[in-house]
Amino acid sequence: MTEISRRKFLTAASIASATVATIALGGSRLVIAADAPAVIPEAAPVFPAPPLPYAEAALEPIISARTVGFHYNKHQLGALKSLNDALRLPENSQYMGKSINAIMRATANKPAMNKVFNGAASVVNHDFYWGSMMPNGGDAVKPTGKLLTLIDTAFGDYATFKTKFRDLGVAHTGSGYLWLVEHKGKLNMMTLNNLDNPEIHGLKPLLTIDIYEHAYYLDYQNLRKDYLQAVIDKLLNWNTAAARLDA
């Protein structure tokens with residue numbers, strides 16, 4: 001290729017790239033018009049979709065495949081797309097290369113960073129929620145060893161823990177998550193509003209249950225208590241909770 005031809009080719013390529021940019025996410029491509037805000041080039045890394053740890057129907061009949069599919073594909077992956085879009089903006093480039101958890105912690109309680117925080121925290125919380133459940137969990141895989149000892153110390157016994165955990169989730173007003181956490185060798189339970197996460201407060205999360213209505217409304221309508229009881233009795237993943245405690 002002559003120098004003149006090469007120069008024409010590079011000029012045309014630069015014009016084309018300035019006119020249309022594309023972003024790959026989840027197998028689809030989002031086209032951004034030329035007058036959209038400048039973005040980091042497509043080669044920059046973005047967070048891929050975290051896979052579900054089981055099939056969408058695996059939690060039935062406690063949580064239907066319809067609910068899992070809607071929850072994961074619309075809510076979690078929607079938040080991931082929003083996060084990736086935000087991270088490609090030059091003003092957010094300082095977060096590129098950090099983990100999603102680190103981004104969540106760094107942007108918490110910063111109103112100017114709400115879009116980045118909401119995307120990161122939603123992905124983190126949802127991923128933690130899916131990992132907090134398993135088919136044939138709950139009473140079928142009761143906590144043992146160190147975890148059971150800490151439960152007995154903090155709440156009296158396993159049965160009392162289940163009742164208190166359920167009732168705390170029922171009493172929470174509005175949206176959020178119900179958490180079992182560890183701090184300095186002791187367990188506690190808490191609810192946090194919206195997308196707040198125990199890591200932001202220096203606590204180690206062990207289990208969570210999503211108490212946004214979209215997590216249960218298709219299956220339980222407004223009966224949050226029934227949803228919580230079923231998840232606690234039949235789905236909680238105590239094996240993962242024990243591993244998180246020891247991590």
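Are tyrosine 216 and tyrosine 227 buried or exposed? Both tyrosine 216 and tyrosine 227 are buried, where buried means under 20% relative accessible area with a 1.4 Å probe and protein chains only.

The model is predicted, so local features need pLDDT of at least 70 and side-chain atom pairs count only at pLDDT 80 or more, while totals for chains, interfaces and linings use all residues. Residues are numbered from 1 along each chain as its sequence is written, and side-chain values use heavy atoms, without hydrogens and water.

The structure holds 10 aromatic pairs. Rings of Phe, Tyr and Trp (its six-membered ring) pair if their centres lie within 6.5 Å, and planes under 30 degrees apart count as stacked. Two of the stacked pairs are given here.

| Stacked pair | Centre to centre | Angle between planes |
|---|---|---|
| Phenylalanine 161 and phenylalanine 165 | 5.0 Å | 25 degrees |
| Tyrosine 216 and tyrosine 227 | 4.9 Å | 25 degrees |

Phenylalanine 161 and phenylalanine 165 are about one helical turn apart because four residues separate their positions in helix α6 (residues 158–171). Helices are DSSP runs of H or I with at least four residues, strands are runs of E with at least two, and both are numbered from the N terminus. Phenylalanine 161 has a relative accessible area of 0%, and phenylalanine 165 also has 0%.

Tyrosine 216 lies in the loop between β5 (204–210) and α7 (217–220), and tyrosine 227 lies in helix α8 (residues 224–234), so this pair ties together parts 11 residues apart in sequence.

One aromatic cluster is formed by Phe155, Tyr158, Phe161, Phe165 and Trp238.

Methods
Rings of Phe, Tyr and Trp (its six-membered ring) pair if their centres lie within 6.5 Å; planes under 30 degrees apart count as stacked, over 60 as edge-to-face and the rest as tilted. Buried means under 20% relative accessible area, exposed over 50%, partly exposed in between (1.4 Å probe, protein chains only).
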